[in-house]
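Biologist: I have a model open and want to learn how to read it. Can we go through it feature by feature?

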Amino acid sequence: MRPTPAPAAPLLEVLARVEVEVGGLLAAPLFAGLTPGQAGVYQINVRIPEGVAPGRRVLAVTASGVRSNEVTIDIAA
């Protein structure tokens with residue numbers, strides 16, 4: 001049996017509280033849920049906070065109180 005892709009409408013959001021930290025500042029998630037058209041793939045859309053300076057910055061996600069591994073991303077000027 002093949003997995004069923006997530007629908008485009010309605011979007012399927014996670015029920016857990018999700019926080020994203022970028023460069024030490026919280027970035028409010030715009031969306032956290034299943035990726036439309038994909039099976040078992042989750043995505044989180046965030047807007048980088050204004051106070052985050054350009055350069056290499058650490059990003060981490062916390063969901064239901066559990067923090068992810070940290071990754072480094074490049075923020076353009």
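Biologist: Start with Val-18: is Val-18 buried or exposed?

Modeller: First, the ground rules. This is a predicted model, where local features need pLDDT of at least 70, side-chain atom pairs count only at pLDDT 80 or more, and totals for chains, interfaces and linings use all residues. Residues are numbered from 1 along each chain as its sequence is written, and side-chain values use heavy atoms, leaving out hydrogens and water. Now the term: buried means under 20% relative accessible area, exposed over 50%, and partly exposed in between, with a 1.4 Å probe and protein chains only. Val-18 has a relative accessible area of 16%, so Val-18 is buried.

Biologist: Which residues is Val-18 in contact with, leaving aside neighbours within four places in sequence?

Modeller: Contact means heavy atoms within 4.5 Å. On that basis Val-18 touches Pro-29, Ala-32, Ile-44, Val-61, Thr-62 and Ala-63.

Biologist: Where is the place of Val-18 in the secondary structure?

Modeller: Helices (H or I, at least four residues) and strands (E, at least two) are DSSP runs, numbered from the N terminus. Val-18 sits in strand S1, residues 18-22.

Biologist: How many helices and strands does the protein have?

Modeller: Zero helices and seven strands. Along the sequence the pattern reads β-β-β-β-β-β-β.

Biologist: What about the backbone: which peptide bond is cis, with omega near -5°?

Modeller: The bond from Ala-9 to Pro-10. Pro-10 lies in the segment before S1.

Biologist: And which residue other than glycine has a positive phi, near 55°?

Modeller: Ser-64. Ser-64 is in the loop between strand S5 (55-63) and strand S6 (66-67).

Biologist: Is Ser-64 buried or exposed?

Modeller: Apply the cut-off again. Ser-64 has 56% relative accessibility, so Ser-64 counts as exposed.

Biologist: Now the whole chain. What share of the 77 residues is buried?

Modeller: Buried residues make up 21%. The C-alpha atoms fill a box of roughly 45 × 25 × 20 Å along the principal axes. Take contacts between residues at least 6 apart in sequence: 41% of them join residues at least 24 apart.

Biologist: How many positive and negative side chains are there?

Modeller: Lys and Arg count as positive and Asp and Glu as negative; His and the chain ends are not counted. Each charge is placed at NZ of Lys, CZ of Arg, CG of Asp or CD of Glu. The protein has 6 positive and 6 negative side chains, and the centres of the two sets lie 5 Å apart.
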